[in-house]
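This briefing goes through one protein structure by topic. Please look at the sequence and the model before reading the points below.

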Amino acid sequence: MDGIVTEVAVGVKRGSDELLSGSVLSSPNSNMSSMVVTANGNDSKKFKGEDKMDGAPSRVLHIRKLPGEVTETEVIALGLPFGKVTNILMLKGKNQAFLELATEEAAITMVNYYSAVTPHLRNQPIFIQYSNHKELKTDNTLNQRAQAVLQAVTAVQTANTPLSGATVSESAVTPAQSPVLRIIIDNMYYPVTLDVLHQIFSKFGAVLKIITFTKNNQFQALLQYGDPVNAQQAKLALDGQNIYNACCTLRIDFSKLVNLNVKYNNDKSRDYTRPDLPSGDGQPALDPAIAAAFAKETSLLGLPVAAVPGALSPLAIPNAAAAAAAAAGRVGMPGVSAGGNTVLLVSNLNEEMVTPQSLFTLFGVYGDVQRVKILYNKKDSALIQMADGNQSQLAMNHLNGQKMYGKIIRVTLSKHQTVQLPREGLDDQGLTKDFGNSPLHRFKKPGSKNFQNIFPPSATLHLSNIPPSVAEEDLRTLFANTGGTVKAFKFFQRDHKMALLQMATVEEAIQALIDLHNYNLGENHHLRVSFSKSTI
């Protein structure tokens with residue numbers, strides 16, 4: 001075939017026989033595949049869908065028992081690993097579809113493959129057989145969405161097709177891709193966790209392993225399926241989609257690796273086939289109950305984080321903040337409505353030492369603190385209002401149980417919706433402070449690198465904005481003066497404005513961050529301090 005494509009014009013009221021032998025408009029110069037059409041109720045009547053199981057091979061396949069909300073993208077993805085998909089007709093009312101491939105050979109390969117491996121869409125088994133129809137002729141009063149889907153698919157296929165004069169039949173069965181995907185997340189305004197990735201990608205098949213890491217200041221992941229076909233389907237359906245509305249865009253490629261070696265099960269990496277793996281040093285261990293759940297069930301989370309995407313639409317999440325807040329926990333936290341819970345209650349504080357400013361600085365690592373109120377009648381407790389529920393969730397996850405001024409603090413969500421400021425003229429001894437307009441908010445700027453550098457409290461601190469005149473010795477002395485021991489120090493090789501500095505304990509690092517973040521080093525340089533995931 002030379003890319004000759006047929007399109008058929010069909011009147012809405014014709015019978016099924018006429019539909020299948022309508023007038024052919026062939027266009028020898030066209031490179032466009034036939035368009036997609038989603039059948040409405042009338043169209044469904046034309047395709048009775050009564051193909052016999054043992055029919056002769058045809059490049060048109062009849063797919064039955066589809067889940068109700070399934071999209072064109074997902075159906076097309078079934079055929080993609082075997083060759084070019086040239087047309088599709090969805091019979092929404094009957095939970096069926098017809099899929100046309102470029103060649104009969106590709107269709108035979110697909111049917112043979114899926115007779116050995118039961119195909120699933122949205123965790124539901126579906127049935128594929130040859131159609132009685134030799135080609136699919138569809139009404140070309142096309143809806144735009146369906147058209148866009150096939151155009152997008154055609155673009156993907158064109159990019160993957162060898163250009164060395166191979167005929168369609170030779171390249172119909174694409175070489176098996178890797179079962180491992182490399183995922184980069186752009187515009188990461190909300191944290192995306194390993195569990196969120198697992199939930200989204202599980203829609204396309206069993207996810208065996210995930211490793212997450214930060215590279216070039218971007219959150220990335222490697223994710224391994226049991227089968228390269230699942231990886232192909234996931235890439236087609238998810239590449240370019242947003243996890244949350246208008247942010248966290250997925251960029252997906254096949255990895256050169258074909259197998260991932262996961263050493264630890266924690267919030268950075270996981271092997272779902274081996275719930276017995278250790279959590280590794282300094283990483284939060286998996287709860288034994290969760291490890292048991294892994295063993296029982298590959299798909300662990302019940303969070304409403306990401307619906308399977310419709311064609312070229314975001315992974316519609318109605319409340320991005322709530323979903324992100326639930327996702328921010330190491331394990332899903334259904335029932336946390338992040339929308340309202342912007343206020344935290346912090347207790348067991350050292351009342352001799354704590355100030356609104358010190359709480360602002362520490363909690364400001366995980367979000368933009370708006371207001372702080374140390375309680376007048378209970379000065380070991382404070383209310384802290386964050387900019388949104390996602391930030392309060394992050395701060396709670398990372399700071400609950402940490403030591404501040406020698407005491408283990410408790411952080412929970414407050415029932416208060418806001419922190420009230422004292423009435424005009426009332427002196428509350430400086431216990432309440434409004435930080436709404438603070439220039440020190442780390443997350444005001446959308447797309448700021450700070451969103452990708454949110455880490456749990458650690459003994460190693462990341463320092464930035466260091467002026468050229470300040471030497472290692474000056475910084476070691478400065479940090480030793482906060483009452484701790486400086487264990488190690490290292491300037492960044494390429495950029496002496498940044499350094500890593502390691503204190504003896506996490507508690508000492510927390511103290512140093514509270515004391516020295518925004519410290520004036522002279523030459524109009526204010527030191528920036530945050531927790532690092534690196535060690536020196």
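## Nonpolar cores

The largest nonpolar core has 52 residues, and L359, F363, M404, L461, L463 and F479 are those with the most contacts inside it. A nonpolar core is a set of buried Ala, Val, Leu, Ile, Met, Phe, Trp, Tyr and Cys residues joined through side-chain atoms within 4.5 Å. Buried means under 20% relative accessible area, exposed means over 50%, and partly exposed is in between (1.4 Å probe, protein chains only). The model is predicted: local features need pLDDT of at least 70, side-chain atom pairs count only at pLDDT 80 or more, and totals for chains, interfaces and linings use all residues. Residues are numbered from 1 along each chain as its sequence is written, and side-chain values use heavy atoms, with hydrogens and water left out.

- The largest nonpolar core has 52 residues, and its largest share, six residues, comes from α14. Helices (H or I, at least four residues) and strands (E, at least two) are DSSP runs, numbered from the N terminus.
- Leaving aside neighbours within four places in sequence, L359 is in contact (heavy atoms within 4.5 Å) with L349, V354, G364, V372, I374, A382, I384 and M404.
- Another core lies apart from this one; it has 29 residues, among them L223, Y225, A237 and I243.
- In soluble globular proteins, nonpolar side chains tend to be buried together.

## Salt bridges

- How many salt bridges does a search of the whole structure find? The search finds ten, where a salt bridge is a side-chain nitrogen of Lys or Arg within 4 Å of a carboxyl oxygen of Asp or Glu.
- One of them joins the side chains of E69 and R122, at 3.9 Å from N to O. E69 lies in the loop between β4 (60-64) and α3 (72-79) and R122 in the loop between β7 (120-121) and β8 (124-125), so this pair ties together parts that are 53 residues apart in sequence.
- E69 counts as exposed because its relative accessibility is 56%, whereas R122, at 22%, counts as partly exposed.
- E69, E74 and R122 are linked in a network of salt bridges.
- D186 and R251 meet through their side chains in a salt bridge of 3.0 Å, N to O. D186 is in strand β10 (residues 180-186) and R251 in strand β14 (residues 247-254), so the pair ties together parts 65 residues apart in sequence.
- R251 has 38% relative accessibility and therefore counts as partly exposed.
- D195 forms a salt bridge with R270, and their closest N and O atoms are 2.7 Å apart. This pair links distant parts of the chain, with D195 in helix α7 (residues 194-201) and R270 in strand β15 (residues 269-271), 75 residues apart.
- Both D195 and R270 are buried.

## Aromatic rings

- A search of the whole structure finds two aromatic pairs. Rings of Phe, Tyr and Trp (its six-membered ring) pair if their centres lie within 6.5 Å; planes under 30 degrees apart count as stacked, over 60 as edge-to-face and the rest as tilted.
- The ring centres of F360 and F435 are 4.2 Å apart and the planes are at 15°, so this pair is stacked. The two residues come from distant parts of the chain, 75 residues apart: F360 is in helix α11 (residues 356-363) and F435 in the loop between β22 (432-434) and β23 (460-464).
- F360 is buried, with a relative accessible area of 5%, and F435 is buried, with a relative accessible area of 5%.
- F489 and F491 form an edge-to-face pair, 5.0 Å centre to centre and with 85° between the planes. F489 and F491 are both buried.

## Helix α12

- Is helix α12 (residues 389-399) mostly covered or mostly exposed? Helix α12 is mostly covered, with ten of its eleven residues buried. Among the buried residues are L394, M396 and L399.
- G401, which follows α12, has a positive phi near 90°.

## Positive phi in other residues

- Most residues other than glycine have a negative phi, and most peptide bonds are trans.
- R122 is not a glycine, yet its phi is positive, near 50°.
- E523 also is not a glycine and has a positive phi of about 55°. E523 is found in the loop between α14 (506-516) and β26 (528-531), and is partly exposed, with a relative accessible area of 48%.
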